[in-house]
Amino acid sequence: MQDISILYVPSNARELHSWIAILNNECVGNIHLQLEPNKQIKFLDAWVHENHRRQGIFRKLWDTRWSFVQQHYKGYKAYAWCKPMSLPLLLEKGFTEGDNCVYVEKIIEDTKPPFEQCFVSC
């Protein structure tokens, strides 16, 4: 692997933690987590630039985030929504697979103000 540095990026929002992967002073990847109520941590998306994928950067980012939560959040429950390609790493780390979900999307159309879209009778 090339000389990748992982940098913690503090957030103004206390519940969000982020790390970026740096190569030659350029961001080539990032990963995040969000603290939630009831001692839960949501692992948010990760991204690696397409020119730098399959080089261990995702794993390095993931391991950095994992070390951080192990040091600072013992007793919390971590969870994630992951793509099939990421599932083996999560299972390797001891996560249990839950239910599957299906991605859906819709283009938002600005046709009428919200109060004109629904008829409500009293």
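This is a chat about the predicted model shown above.

Me: Before we start, what kind of model is this, and which residues count for local features?

Reply: It is a predicted model, so local features need pLDDT of at least 70 and side-chain atom pairs count only at pLDDT 80 or more, while totals for chains, interfaces and linings use all residues. Residues are numbered from 1 along each chain as its sequence is written, and side-chain values use heavy atoms, with hydrogens and water left out.

Me: Great. How many helices and strands are there in the protein chain?

Reply: The protein chain has three helices and five strands. Along the sequence they run β-β-β-β-α-β-α-α. Helices here are DSSP runs of H or I with at least four residues, strands are runs of E with at least two, and both are numbered from the N terminus.

Me: How much of the chain is buried?

Reply: Buried residues make up 24% of the 122 residues. Buried means under 20% relative accessible area, exposed means over 50%, and partly exposed is in between, using a 1.4 Å probe and protein chains only.

Me: And what about the accessible surface?

Reply: The accessible surface of the chain is about 9700 Å², and 52% of that belongs to carbon and sulfur atoms. The areas come from the Shrake-Rupley method with a 1.4 Å probe; for residues, only the protein chains shown count as cover.

Me: Let's look at helix α1. What should its span be, and what is it in the model?

Reply: Helix α1 covers residues 57-72, and at 1.5 Å a residue its 16 residues should span 22 Å. The end C-alpha atoms are 23 Å apart, which agrees. The expected span is 1.5 Å times one less than the number of residues.

Me: Which residues of α1 are buried, and what do they pack against?

Reply: The buried ones are Ile-57, Leu-61, Trp-62, Arg-65, Trp-66, Phe-68 and Val-69. They pack against β1 (5-9), β2 (16-23), β3 (26-36), β4 (40-48) and α2 (87-92). As background, an α-helix has 3.6 residues a turn, so residues three or four places apart point the same way.

Me: You mentioned His-32. Where is that, and is it buried or exposed?

Reply: His-32 is in strand β3, and it counts as buried because its relative accessible area is 18%. The side chains of His-32 and Ser-18 are joined by a polar contact of 2.7 Å. A polar contact is a pair of N or O atoms within 3.5 Å; within protein, one must be able to donate a hydrogen and the other to accept it, and residues adjacent in sequence count only if both atoms are side-chain atoms.

Me: Back to charges. How many salt bridges does the structure hold?

Reply: The structure holds two. Arg-59 pairs with Glu-92, with the closest N and O atoms 3.0 Å apart. That pair links helix α1 to helix α2, 33 residues apart. In the other, Lys-93 and Asp-63 meet at 3.1 Å, N to O. Lys-93 lies in the loop between α2 and α3 (114-117) and Asp-63 in helix α1, so this pair ties together parts that are 30 residues apart in sequence.

Conventions. Contact = heavy atoms within 4.5 Å. Salt bridge = Lys/Arg side-chain N within 4 Å of Asp/Glu carboxyl O.
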